[in-house]
Amino acid sequence: MKSLNGIIQFSKLWLVAQKRLYSTRNILKLSERGLYNDIFPNTAASEITNLLNKSPQCVYAGFDPTASSLHVGNLLVIINLLHWQRGGHNVIALLGGATGYIGDPSGRSTDRVALQSGVIQENIASIKKNLEVVFENHHKYIWPKHEDELKPLRIVNNETWYRDINSIQFVSDIGRNFRMGTMLLKQSVQTRINSQIGMSFTEFAYQIFQAYDWLHLLKEYDCRFQIGGSDQMGNISAGHELISRTAKKNVYGLTLPLVTTEEGDKFGKSAGNAIWLDPQKTSPFSLYQYFVRTKDSEVERLLKLFTFYSSGEIKDIMYKHKQHPEQRYPQTCLADQLTTLVHGEEGLAKALKTTDAIYSKDVKSLVGLSPDDLEQMFQGAPVVTLMLSPGITILELGLKAKCFSTESDAMRIIQAGGFYINHQRMKKIDEIVTESAHILPNLMSLLRVGKRNYYIVKWQT
């Protein structure tokens, strides 16, 4: 296990190395890294390349306010937008303040739960902050300082243009450009119509609104490109059809691959739970650990998809890994860059500090922590307050802290070596708890049962 100072030093060297990170104006070259699944129209690759090389273009991606934070599953779209920004293009993030009331059926087997207006507004504000923080961290910590200044991210909310649109006029002017046969053939529609639950008209109409969003952005910002997940091809093609009929301009859609684990699970889930970008919902440590635990068989692909290392650098990283696989060097590179992108240098430092506190077997890693640090690092760990009464034993401490359900369980686990206080294994059930041996200078004790079940004790003396 590296010491905390060693890990921080490695991170500083990594930040210096960012001056060689990958960027290109011709975004289609990202296909070499596996970043694109499909191009629409599929015959437009050379046309797109000419446009990208000729002058800065405008691209957008949409984010509906279905939750109070974006999650790791959204990162591929965000990182793709950052690649466009690095290539000198104009980038728009569209927040679905209006479409959030409707719900995108793509990738869904049931209707989305209708959200109240107040919830949507709160989610919009939180997602806006997620995006601003990631783009700011990229500019501050990852984008080379000697390079040209990046064009700023533009964040728009589609509620601002739907607010003043008359519904009758919208159906008359926009709705007439869509054909039922084409709409019914969309995969997201077919999947739902053929299911037992069926599909509401509300979600059926979603593709019309996403199509109009693109038309609006084309008129306002000459936005000719849209990117989205692989499940968005139906909505992207709907926008292409609307623009072809009304604006008579060539526009292009690019979809990104659906990233899954070897087991077929959705990327960005840990034990079935989403890994959020909001540090209040998922700590920097948990985000860091999610990536540092990446399997050897998956890490090279994730380095290509989620980092800004060049292809040559990734080859070097993987070569070092083959020499010393036990060091998990590519996983550390992946976790360092993504934690810095999402939470900044301060977040990475917290993640590394927590990693050292948890996995170091040395009690010294805990000595300098404040009570707030300890509680934040071990989020979710039960916290109990106990009086330090003379003569309390290890067994009694474990029971009072509710580490065990029964006394017999406590005796069995402690005597088998499965109980720890401040990283030190305790095997004597009758050992007396003392301030010098079992309590940290901050008057707290970190208890652990097994490998990952933590409990925090606050002592009153």
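Student: Which residues make up helix α3, and how far does it reach?
Tutor: In this predicted model, helix α3 covers residues 75–86, which is twelve residues, and it reaches 16 Å from its first C-alpha to its last, close to the 16 Å expected at 1.5 Å a residue.

Student: Is α3 mostly covered or mostly open, and how many of its residues are buried?
Tutor: Helix α3 is mostly covered, with twelve of its twelve residues counted as buried.

Student: Which side chains are we talking about there?
Tutor: The buried residues of α3 include Leu75, Leu76, Val77, Ile78 and Ile79, and also Asn80, His83, Trp84, Gln85 and Arg86.

Student: What follows the helix?
Tutor: Helix α3 is followed by glycine 88, whose phi is positive, near 90 degrees.

Student: Switching to the whole chain, how many helices and strands are there?
Tutor: The protein chain has 20 helices and 13 strands, and its C-alpha atoms fill a box of roughly 85 × 50 × 35 Å along the principal axes.

Student: What share of the chain is buried?
Tutor: Of the 461 residues in the protein chain, 51% are buried, while the chain exposes about 22,100 Å², with carbon and sulfur atoms supplying 50% of that area.

Student: And the contacts, what percentage join residues at least 24 apart?
Tutor: Taking contacts in the protein chain between residues at least 6 apart in sequence, 76% join residues at least 24 apart.

Student: Last one, how many positive and negative side chains are there?
Tutor: The protein chain carries 52 positive and 45 negative side chains, and the centres of these two sets lie 3 Å apart.

Key. Residues are numbered from 1 along each chain as its sequence is written. This is a predicted model: local features need pLDDT of at least 70, side-chain atom pairs count only at pLDDT 80 or more; totals for chains, interfaces and linings use all residues. Side-chain values use heavy atoms; hydrogens and water are left out. Helices (H or I, at least four residues) and strands (E, at least two) are DSSP runs, numbered from the N terminus. The expected span of a helix is 1.5 Å times one less than its number of residues. Buried means under 20% relative accessible area, exposed over 50%, partly exposed in between (1.4 Å probe, protein chains only). Contact means heavy atoms within 4.5 Å. Accessible areas come from the Shrake-Rupley method with a 1.4 Å probe; for residues, only the protein chains shown count as cover. Lys and Arg count as positive and Asp and Glu as negative; His and the chain ends are not counted. The place of a charge is taken as NZ of Lys, CZ of Arg, CG of Asp or CD of Glu.
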